[in-house]
Amino acid sequence: MADARSITRDGLGIRVSINPAIDGGSPVRATLLPYGRQAIDDVDIAAVVEVLRSDWLTTGPKVDEFEAAIALVAGTQFAVAVSSGTAALHAAMYALRIGPGDEVIVPTMTFAASANCVLYQGATPVFADVHKDTLLLDVASAAARITPRTKAIVAVDFAGQPCDYRALRALCGEHGIALVADACHAIGGSYQDAHVGSLADLSVFSFHPVKHITSGEGGAITTDNLGLAQRMRSFRNHGIMTDHRQRAENGDFYYEMTSLGWNYRITDIQCALGKSQLAKLEGFVSRRQQIAARYDESFASIANVEPLSTSPGLSNAYHLYVIQLNLACLTTNRAGIYRALRAENIGVNVHYLPVHLHPFYRTRYKTGPGMCPIAEDAYEGILSLPIFPAMTDRDVEDVIQAVSKVLAYYRR
Ligand SMILES: *Cc1c(COP(=O)(O)O)cnc(C)c1O
């Protein structure tokens, strides 16, 4: 097959192979372009160094400053910063008093942490299906899974696009259940002119290096509910009502533990980096949107690849740029396309294996194929292309060239 498909041009007397790299051609680029990467500059580094020379490495003033900056971006009264996005999800479940016997509805097309947080509290995640064109939670599927035990819905802003919060709020209001946004992909986005972070009772962010802004590791929850914010502040510090700095400021040694919490504190070192990064969020998001627009434009004319669609009335923050392959018209499967693009030095990835198909859930919670058919079907054909603010225009064109070369080669 390789020979039959091999194409050469010799109009100028030189023979240029346009075979894909996986079949003996030369790769589109010499070095691997990752799917995501942090952008750290000298201002970020100086902010971290300043903390290292200060009195407070953790539980200090940078935590408050970072939280205030997050609340501003989210348009909420409160933000609670913790050690990771996963800790933030756990804190959200704790604050809502999710416990044994309770059910929480989670879309299956997400990172496992969106569902694992339910298990940390001894409750049961119930997986809902997604829309084919956006891979966002299908509100009708969530509604069909509500039972008297349902306590909350976790909505995941997959790839950076906010979910249908108008419909979700109506559904949750009708049943008296809480709405949590896993907004780990969507900081800086908006929905009907409201900021991501203000769209649910609690919204969760991650500051892992592949996300929009980073603190190394880190996470936060935003809310307008003071009681929930207080519960989460105590939860990140062993269930103790005061922290070390509050006691130092009051000249007091006495503290009480009033519930069982964890050590989910974030350091001032991380918060200094996070705050410095957050100041650049707007520019980061608009560069991501610019790259996505260029991809959209190019893929409109490339056969057998369909980008996810974005609904009107919202701003997609594009943590990921996901394409769906038309497998019926290709001579290989997604793994074949993945390998071919990797050989071109394009760092494609797959987000995600639906959570209900992970062996842990299948064996322990008896989940499996057939429970969320749209997500299961979509999984077979999805690929995430590189998208991050520091990508050059040349990097973007490399991705487009590689995708078009590889898909033309495998066209049925
Ligand atoms: C990254 C991510 C998390 C977990 O965040 P960490 O900071 O890595 O713990 C949770 N949910 C989603 C959708 C994510 O993308």
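This is a predicted model: local features need pLDDT of at least 70, side-chain atom pairs count only at pLDDT 80 or more; totals for chains, interfaces and linings use all residues.
How many salt bridges does a search of the whole structure find? The search finds 16.

**Domains and their interface**

The protein is divided into domain 1, made of residues 6-36 and 281-409, and domain 2, residues 42-278. The centres of the two domains, taken over C-alpha atoms, are separated by 29 Å. In domain 1, 37 residues are in contact with 39 residues of domain 2. The size of an interface is often given as the accessible area lost when the parts come together. Between domain 1 and domain 2 the buried area is about 3200 Å², and carbon and sulfur atoms give 63% of it. On the domain 1 side, Leu281, His319 and Tyr352 lose the most area to domain 2, together accounting for 22% of what that side buries.

Across this interface there are zero salt bridges, whereas 20 residue pairs are in polar contact, both residues being at pLDDT 80 or more. Several elements of domain 1 each supply at least two residues to the side that touches domain 2: helix 11, strand 13 (314-315), strand 14 (321-325), helix 13 (359-365) and helix 14 (373-379). Helix 14 gives the most, with five residues. By type, the residues on this side of domain 1 comprise 25 nonpolar, 11 polar and one charged.

**Helix 10**

Helix 10 spans residues 268-278, and nine of its 11 residues are buried, so the helix is largely enclosed by the rest of the structure. Among these buried residues are Asp268, Gln270, Cys271 and Leu278. The cover over them includes helix 2 (42-52), helix 3 (61-74) and helix 11 (281-299).

**Selected salt bridges**

Side chains of opposite charge can pair when their charged atoms come close.

| Pair | Distance |
|---|---|
| Lys280 and Asp41 | 3.0 Å |
| Glu297 and Arg294 | 3.1 Å |
| Asp398 and Arg394 | 3.2 Å |

The pair of Lys280 and Asp41 links distant parts of the chain, 239 residues apart. Lys280 lies in the loop between helix 10 and helix 11, and Asp41 in the loop between strand 2 (16-17) and helix 2. Lys280 is partly exposed, at 21% relative accessibility, and Asp41 is also partly exposed, at 30%.

Glu297 and Arg294 are three residues apart in helix 11, which means that they are separated by about one helical turn. Glu297 counts as exposed at 54% relative accessibility, while Arg294 counts as partly exposed at 30%.

Asp398 and Arg394 both lie in helix 15 (residues 393-409), four residues apart, or about one turn of the helix. An α-helix has 3.6 residues a turn, so residues three or four places apart point the same way. Asp398 is buried, at 3% relative accessibility, whereas Arg394 is exposed, with a relative accessible area of 56%. Both residues belong to a network of salt bridges that links Arg29, Arg394, Asp395 and Asp398.

**Asn304**

Asn304 lies in the loop between helix 11 and strand 12 (305-307). With a relative accessible area of 14%, Asn304 is buried. A polar atom of its side chain lies 3.4 Å from the backbone oxygen of Cys329. Leaving aside residues up to four places away in sequence, Asn304 touches Gln324, Leu325, Asn326, Cys329, Leu330, Leu407 and Arg411.

Note on methods
Residues are numbered from 1 along each chain as its sequence is written. Side-chain values use heavy atoms; hydrogens and water are left out. Buried means under 20% relative accessible area, exposed over 50%, partly exposed in between (1.4 Å probe, protein chains only). Contact means heavy atoms within 4.5 Å. Domain bounds come from an automatic or database domain assignment. Buried area is the accessible area (1.4 Å probe) that two parts lose on being put together, summed over both. A salt bridge is a side-chain nitrogen of Lys or Arg within 4 Å of a carboxyl oxygen of Asp or Glu. A polar contact is a pair of N or O atoms within 3.5 Å; within protein, one must be able to donate a hydrogen and the other to accept it, and residues adjacent in sequence count only if both atoms are side-chain atoms. Ala, Val, Leu, Ile, Met, Phe, Trp, Tyr, Cys and Pro count as nonpolar, Asp, Glu, Lys and Arg as charged, and the others, Gly among them, as polar.
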